[in-house]
Each structure stands twice: as structure tokens, then as C-alpha cells.
Amino acid sequence: MRRSILCFALMIALVATLPAAAQSQPPQTLPETRDLQPDRPQDAMHDITMVDAVPLGGAIAIPLPARERRKQAKLDVPELAGCRQALGTQRIDGRLPRPLVDFNINVAAVYQRLSIFEGGLVVVEVRGTGGTIRKKVVLPPDALQNYLHVISPQALASVRDGDLTKPRDTQRALLRAYDAQQSFVEKQFDPIGTLPKGLADQIVPMQDLLRAIYQDRTVTNSVAGYMPKVGDQLVGDDRKVYKVTRVVNDKIVELHCTSQPTIIYVDVKDLYNYFIGTPGAASR
């Protein structure tokens, strides 16, 4: 599957150049909230308690260069419109959601993982030489069912182990699917090797979803829809910590950098373009 190899190579290259790409990306225009989250009121906002903490060395997104954007426009990438922000714990009846699908890849110094849970929660973690990305989003029910229709224990079990290229120490991937009783079927393989069609049909949707989440700065960023208050602290795309010192007419935010004499002014609706989350490990 030449496409599978190219997708893995592209994602690895993007992670390796994460900091420079994230900081050089021009601001994006925030879609209308009704388009971004159709089941959420247009004027709904959340406070700092719903903004995620930033991992050490974290980044906001991995934007593609113009040439790669043209290439990817020819591929089918899942539409994130219709998804909603995964704010808070996402518990179901007081318990953590059960896993449905796990997909992870280790190639050289880059680790990527995408997990889908009941309720449509998707959690992504990427670690590489350039930094760390942790994101989450909630898929709409129809999109969730589409993924589960393609990726299932039965579909994975039909893939013969003899048709897979064995994983190596520096190149290893795993796809796991759970049933209703939380039993699972998994396949381990070399992500750079040729994939049989039965497995490729399940891997490609995971690759596309990873790629879409990598590039997104809106619904997967908990700063989108955040209403600042004086005293709140945010981590910028430059990995510096900023403190909110003034909010003018609920529109313009004045922020002071805590590590150098810098003051910036940002429109409330544009905060997500410049900030990743709240200080956690990033403040050390």
C-alpha cells in the first residue's frame, strides 16, 4: 500500500518539525460556532477550568506547508465539522468511557496514538523530537458508527497474521478493536511494510483522522470558546506563559508574559490561534 507508507512518512516528518511549523503558522479564521459545534449555542462560552493543561514541550497543531496542503486536498480526510469540543472529564454515568479502538505507531523517535472511546471521544497523543501534542474531540454519532463499521474485532480477526510484515524494534504499529464485553482483537505489524487490503481498509481511516486532528486549531483546542478573566494564565504557541491582566468590554484581552517584559493584546475570539492551554508541566 504505497499510500499507507506515504501517510506514515508525512506524519513523521511533520512531528519532527513541530515547533517551527506551529509558531510560523498565520492565524486561522474561527468558523462560526454553529458550524463548529452545531449542538452548542452560538454564544456558549467556558471558563479557565475547562481549558486543558499543556504537556511539557506541547504545541497547538501541525500545519501543512502549501505544497502538502495541495496534495492532501486530493485525499479523503474526515470532516471535523459536526464534532464538538471534549471539555471536562467526558464521564458516562459517572465512569470513564470504555475503549473501542486503539491505534498506535512507533517509528524511530516518533510515537503516535489515537484512541476512540464510547460516546465518540477521540484522544490523540503524539510525541517526537520536536514536541508533544495531546488533543481530544467528540465525534458525532453517525461518524462514530462509520468508524466502528469499518474497524471491528471481526474485521481484524479476518486478517491473517501470515500476511503481515512483522514489526521491528524501531518500526512497530498496533491496531486493536474491542467488543461489547471489552474483549479485543489486535494486530501488530511494520507500519512501513506493505499492508494487506483487509488491514489497510481499517488503517487508512485512522491515518486520515490523525491527519485532520494534527492540523486542526479549533474544535480540538480547548481555548476555542474560552472567556478570559483577570488572573487566568495561558500558555502561548511560543511556549511562554501569559497572564490575563485586563479584559475590555469582553472583547479585547491584555496579557502579560510572566518570563519577560512583553504585553500583547488579542481579540477574545482569536485566543485559540495563539494559545494552547493552561500551565501544567509547561510551567516548569
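Which residues does Val-122 touch, not counting residues up to four places away in sequence? In this predicted model, where local features need pLDDT of at least 70 and side-chain atom pairs count only at pLDDT 80 or more, totals for chains, interfaces and linings use all residues. Residues are numbered from 1 along each chain as its sequence is written, and side-chain values use heavy atoms, with hydrogens and water left out.

With contact taken as heavy atoms within 4.5 Å, Val-122 touches Leu-114, Ser-115, Ile-116, Lys-135, Lys-136, Val-137, Leu-139, Leu-209 and Ile-213. Val-122 is also among the residues with the most contacts inside the largest nonpolar core, which has 37 residues. Such a core is a set of buried Ala, Val, Leu, Ile, Met, Phe, Trp, Tyr and Cys residues joined through side-chain atoms within 4.5 Å; buried means under 20% relative accessible area (1.4 Å probe, protein chains only). Elements giving two or more residues to this core include strand S4 (121–128) and helix H7 (197–215), and H7 supplies the largest share, 9 residues. Helices (H or I, at least four residues) and strands (E, at least two) are DSSP runs, numbered from the N terminus. A second, separate core of 15 residues includes Ala-224, Tyr-242, Cys-257 and Val-266.

Turning to the sheet, 5 strands form an open, antiparallel arrangement in the order S11-S10-S9-S8-S12. Strands pair if DSSP finds at least two bridges between them. Strand S11 (263–267) and strand S12 (275–277) are the edges, each pairing on one side only. Strand S8 (residues 233–236) pairs with S12 over 2 bridges in the antiparallel sense, and Val-235 has Gly-277 in S12 as its bridge partner.

Conventions
Buried < 20%, exposed > 50% of the residue type's maximum accessible area, 1.4 Å probe, protein only.
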